[in-house]
Every structure is written in C-alpha cells, then in structure tokens.
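Dear colleague,

Please find below the structure that I am handing over to you. My findings follow directly after it.

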Amino acid sequence: MTDNTTSPDPSDLTATVRALMPGVRADLEALTRIPSVSLDSFDPSHVDDSAEAVAQLLRDEGLEVEIVREGGRPAVIGRLAAPEGAPTITLYAHHDVQPPGQDKDWDTPPFEPTERDGRLYGRGAADDKAGVMAHVAALRAHGGRPPCGVNVFVEGEEEVGSDSLATILERHGDKLAADAIVLADSSNWKIGVPALTTSLRGMIRVVISVRTLDHSVHSGMFGGPVPDALTALTRLLASLHDEKGDVAVAGLVSGDAADLDFDEARLREESGLLDGVQVMGTGSFLSQLWTRPAITTIGIDAPAVDVASNTLVPSARAKVSMRIAPSEDPRAAYDLLRAHLQEHAPWGARVEVTLDDEGAGFDADADGPIYTAARSSFQDAWDGTEPVDIGVGGSIPFVAAFAEKFPDAAILVTGVEDPDTRAHGANESLHLGEFERVCLAEALLLQRLPDATSVE
C-alpha cells in the first residue's frame with residue numbers, strides 16, 4: 001500500500017496512476033496465471049487460490065476482507081469505511097474465468113500472460129481480472145484512503161451463472177449497500193472512445209427435444225413416408241427466423257437502439273464474418289445487437305457423421321439461446337418461445353421444451369450527478385474524448401440483481417474490454433493503454449463522488 005495520508009488532487013492522479021501501472025500489471029499477470037475456471041469439471045482449488053489472491057490484494061490496501069461462500073464458489077468482500085458524512089461506492093468484478101478451450105487455438109499458453117503489440121494475452125487477462133485490478137489501482141491511486149467509503153465485491157462464479165449471488169446479496173447485502181455501484185464487466189465503444197453500458201439484453205436458454213419414432217429403423221426400408229427426428233428438428237429450428245432472418249417468434253418485445261455510427265464493415269470486421277456470407281435481419285445493426293431479440297442454435301445432440309448408421313434417427317436435441325430486449329420479462333419470453341416451438345412441430349413430431357437458464361436484462365436511467373461525475377471522469381481519462389452510452393447484446397444477469405437489491409443506487413456498468421478483446425474465446429486480450437485509462441477514470445470517480453452526492 002502506498003504511504004499517502006490524504007487523497008491526491010485530481011490534477012495529480014494521471015501521474016500517480018501512470019507510476020502505479022507497472023505494479024498493477026505485475027499483479028494482474030499473477031492473477032491471470034491462476035486457472036480459476038469455475039465450471040464443475042475443472043479443479044475448484046484454483047478458484048479458491050484466486051479468491052485468496054484477490055483477498056490479499058485488498059488487505060494490502062487496508063480493507064477489511066472476508067471470503068464468503070453460499071453454496072457456490074468463493075466470493076471476496078472488502079470494506080473501507082467512509083469518512084464522516086461521505087458517500088460509499090461498491091466496486092464489482094469477478095475472479096473466475098471461462099475454460100481456455102483447445103491449446104492449439106491459442107498463439108501463446110492461455111494461462112501465461114504474454115504481451116504482443118500493446119495487448120496482454122491470456123484467459124482472464126481482460127474478463128474480468130483486469131476489472132479486479134482496476135478497482136485495486138483506483139484504491140492505490142488514493143493511497144488506500146479515498147474521500148469516500150469503498151466496498152469491493154469480487155464474485156467467483158459469474159462465468160457459470162452466479163447461482164449463489166442471490167443468497168450472497170440476501171445474507172451479505174448490508175455490506176455492499178452504497179450510493180453508487182460500479183460493475184466492471186463490460187466493454188468500451190472502441191479503442192480511444194470510452195463508454196457507459198446503459199442497457200443489456202436478457203436471455204433465455206432452452207433444450208428442445210424432438211421424437212418421431214420409438215426406435216431407429218432402416219432408412220431405405222422406411223425413408224419417405226416416415227419422418228426422422230433430425231430432419232424434423234432442423235425444420236423446427238428453421239421456423240425461428242423468417243425469410244429475411246428476423247426472429248419469427250410472435251409477441252416478443254423489440255426496441256430501437258441509439259443512433260451511433262456502426263456500419264456493415266465494422267460489423268464484419270469485429271465478428272469475423274466470412275466474405276460472401278450475408279448479414280441477417282432488417283433494421284439498424286445496433287438495434288439488432290442491443291434492443292431486439294436474437295435466437296441462436298448453440299448445440300445439437302445427434303449421431304456424429306463419422307459413426308452414423310444408415311437409419312432414421314428416432315430422437316434429437318438442440319440447445320437454443322435467445323437474447324431478449326432489455327425490458328422483456330424472461331418468463332414471458334420463454335412462454336412465447338415454447339408456444340412457437342410446439343405450434344410449429346413438423347409432421348406432428350413430439351416436441352418437448354425445457355428451460356435451461358434465464359436472466360433479466362437491464363435498462364438504466366443514466367441521468368443525475370453521479371452519472372455526470374462518471375462521464376467527466378471518463379472524458380478526462382481519455383484526454384477529452386466524450387464517452388458514449390452503449391447497449392450490449394450479451395446478458396449480464398447480475399446487473400439486474402444489483403439494481404433490484406439496491407434500487408436507490410446509481411448503477412454504472414463499465415468495462416476494460418474493447419471490440420478486439422475476444423472474451424471467452426481463444427487469444428483473449430487486454431489493450432494495456434486502454435486499461436491504464438480505465439484505472440485513471442475509476443480513481444477520478446472516487447475523487448469526485450462526494451461532490452456528486454452533495455448535489456440536490
């Protein structure tokens with residue numbers, strides 16, 4: 001912990017953060033080396049190690065720290081009391097990570113952080129251990145004594161659905177109550193342009209089971225009049241989109257996104273869409289990505305090509321992910337999806353739809369003095385570039401959980417990622433220059449929060 005006894009003047013924070021970055025990066029690399037994959041099929045001791053490493057980082061900054069478990073992976077709660085009359089801010093990140101996938105898909109080992117061209121590569125280097133270290137860096141910039149109270153909550157199972165988060169918020173929520181909550185698990189608009197995420201789509205994930213026969217039969221003897229389950233399943237999946245590629249499930253909520261510059265060339269570059277493959281749907285790309293429903297088939301259970309026999313398949317399954325508008329109720333969306341699938345069962349095939357997961361969206365009223373303080377902090381950290389408000393097509397259900405638990409707090413969804421981060425994929429990376437700006441912006445926000453909360 002640094003030796004400062006008072007918070008630095010805002011004009012000094014840029015130099016302070018810059019001087020701190022080598023140590024912040026070293027600690028980030030140490031965290032990234034811990035393979036803290038939270039899936040049950042991976043060694044849970046690594047998640048324990050990661051929680052302890054995060055806890056020690058917070059202890060070093062003078063916080064009172066505890067590691068909590070409520071039936072799932074360990075979370076870390078750190079607390080620094082507010083000076084008399086000062087507000088409190090809660091800083092969220094998560095220390096668990098996605099599985100690395102196949103080593104052959106990575107240019108360098110996934111748990112050995114490596115710098116190339118100004119980016120730090122490694123699983124969790126961005127999502128979301130950089131979020132953890134942004135919070136630590138902001139505390140260090142104030143010598144561990146910011147002019148406001150600080151709660152830090154670092155979750156250990158965000159990547160597997162945050163199943164115990166509701167219980168943690170119920171039993172430990174009094175330790176996390178605050179005037180503002182920074183949830184550092186999103187993205188900026190692009191390199192050089194910061195963003196506040198003000199909307200998130202919700203999600204529904206279902207498993208669709210289709211059966212047409214009670215056993216497999218010879219495709220030559222019965223093919224023709226007898227439908228096989230795999231063909232029935234593919235026809236059923238095809239019914240989820242119309243001929244233009246728009247979602248065909250009736251009754252779903254749909255909205256329009258902000259009018260920002262996002263053309264087809266950028267969409268193709270950021271998504272890796274192959275030459276000649278057409279984009280789907282109608283309307284603006286940002287509306288399709290942020291405020292309208294989307295349906296994707298993410299898995300199919302069927303005989304593998306290499307071992308398939310020449311028979312009619314009696315049953316088949318698919319897993320489907322549906323993103324829903326930020327204001328859509330997840331259960332209402334599930335009912336509409338299930339009704340569509342049952343109504344469009346081809347040739348009378350037996351269709352069963354099972355809810356696998358759900359998560360509410362988020363739509364912030366991003367006005368008020370705390371949001372103004374956050375935007376000015378971003379603008380100063382990015383050398384005068386004004387931040388933009390963005391939506392995110394992905395779902396972060398814990399944001400809605402915090403908004404419900406703390407309805408009077410200003411919810412600030414920030415992030416360390418950028419369009420080239422490849423979170424969850426091979427060669428995940430963090431832009432180191434942008435990371436420094438994130439750390440500075442958060443340090444500035446801590447400095448400005450007391451003035452923001454004093455505004456009537």
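How many disulfides does a search of the whole structure find? The search finds zero, a disulfide being a pair of cysteine sulfur atoms within 2.5 Å. The sulfur of Cys148 lies 16 Å from the closest cysteine sulfur, that of Cys439, which is too far for a bond. Cys148 is buried, because its relative accessibility is 0% (buried means under 20% relative accessible area, exposed over 50% and partly exposed in between, with a 1.4 Å probe and protein chains only). Cys439 also counts as buried, at 0% relative accessibility.

As to provenance, this is a predicted model, in which local features need pLDDT of at least 70 and side-chain atom pairs count only at pLDDT 80 or more, while totals for chains, interfaces and linings use all residues. Residues are numbered from 1 along each chain as its sequence is written, and side-chain values use heavy atoms, with hydrogens and water left out.

Helices (H or I, at least four residues) and strands (E, at least two) are DSSP runs numbered from the N terminus. Axes are lines fitted to C-alpha atoms, for helices over the stretch in contact, and angles between N-to-C directions run from 0 to 180 degrees.

Helix α3 (residues 129-141) and helix α12 (residues 432-454) have axes that come within 8 Å and cross at roughly 50°. The two are therefore oblique to each other (under 35 degrees counts as roughly parallel, over 145 as roughly antiparallel, 65 to 115 as roughly perpendicular and the rest as oblique). On the α3 side, the contact includes Met133 and His135, and on the α12 side it includes Cys439 and Glu442 (contact means heavy atoms within 4.5 Å). By class, this contact has 11 nonpolar, one polar and one charged residues (Ala, Val, Leu, Ile, Met, Phe, Trp, Tyr, Cys and Pro are nonpolar, Asp, Glu, Lys and Arg charged, and the others, Gly among them, polar).

Helix α2 (residues 45-60) packs against α3 at about 15°, with the axes 10 Å apart. That makes α2 roughly parallel to α3. Ser50, Val54, Leu57 and Leu58 of α2 meet residues of α3 including Lys129, Met133 and Arg140. The contact of α2 with α3 has seven nonpolar, one polar and two charged residues.

Finally, Gly393 sits in the loop between β16 (388-392) and α11 (397-405). Gly393 counts as buried, at 13% relative accessibility. Apart from its neighbours within four places in sequence, Gly393 is in contact with Arg201, Leu289, Trp290 and Arg323.

Yours sincerely
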